[in-house]
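Dear colleague,

Please find below the structure that I am handing over to you.

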Amino acid sequence: MRALSEPKIVLATHNAGKLKEFTGLVRPFGLEVVSAGELGLPEPEETGTTFEENAAVKALAAARATGLPALSDDSGLEVDVLGKAPGVYTADWATLPDGRRDFGVAMEKVERMLQGVRATTPDTRRGRFVATLCLAWPDGETQFFRGEAEGQLVWPPRGADGFGYDPVFLPDGHDRTFGEMSAEEKHGWNPGDAHALSHRARAFKLFAETHLMARP
Ligand code: IMP
């Protein structure tokens, strides 16, 4: 597998929540990172129908624009009883008519739909967060790393930490939502650990084990 030869990468995201989490995950490795937002790169349109396609769109756009390897994240929430919706449209469910995003509105929409199919017991409210990372080089080569975190949707929202749908997601084996956890608890992973908790930390662990942990 092609190695990451440069000590610098672009984080191909304009999402402040994701950027904060990646900054924490990357910190122990001393890798120099700059975000697509900081560089003023335009946000490409996510035209794909899978997490992989959308992750590739974002990473390739950033790699080609900068001449550096770029790491993107396409992620979302899958709710089993809703046919895995919102899935790749997770961010879109928060988009208001004026273009702004409101995740309170999005969480209410998920809850309304769960109530609509009478999903009121924990076993009927199962779902997962998915994160697909794409590492792309300026010449078009891509590699993918996927992580999933299983859990259940709770109502009302709990906690003010994290971002997006964190306050309604209770990961399996825990009694606090992602919104009630610090970023470190949500990652549940430090370099060398065998397991991670969040979908993003699970995907990042695979990326780090491939590209960062064997670095001289
Ligand atoms: P996209 O990857 O830009 O399509 O956006 C994915 C959306 O999924 C984000 O805007 C969040 O709303 C949601 N999402 C992804 N990861 C997380 C997470 O770790 N916590 C809460 N919401 C998330």
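**Surroundings of T177**

Apart from its neighbours within four places in sequence, T177 makes contact with V154, R158, D166, P167, F169, L170 and P171. Please note that the model is a predicted one. T177 lies in the loop that joins β7 (169-171) and α4 (183-187). Its relative accessible area is 0%, and because buried means under 20%, T177 counts as buried.

**The fold as a whole**

The protein has five helices and seven strands. Their order along the sequence is β-α-β-α-β-β-α-β-β-β-α-α. Of the contacts with a separation of 6 or more, 58% are between residues 24 or more positions apart.

**Dimensions and surface**

A compact globule of 216 residues would have a radius of gyration near 17 Å, and the protein, with 17 Å, agrees with this. Along the principal axes, the C-alpha atoms fill a box of roughly 50 × 40 × 25 Å. As for burial, 48% of the 216 residues of the protein count as buried. The accessible surface of the protein is about 10200 Å², and carbon and sulfur atoms account for 52% of that surface.

With kind regards

Key:
Residues numbered from 1 in each chain as written. Predicted model: local features only at pLDDT ≥ 70, side-chain atom pairs only at ≥ 80, totals over all residues. Heavy atoms only, no water. Helix = DSSP H or I, 4+ residues; strand = E, 2+ residues; numbered from the N terminus. Rg over C-alpha atoms; globule rule 2.2 N^0.38 Å. Buried < 20%, exposed > 50% of the residue type's maximum accessible area, 1.4 Å probe, protein only. Contact = heavy atoms within 4.5 Å. Areas by Shrake-Rupley, 256 points an atom, 1.4 Å probe, with all protein chains shown as cover.
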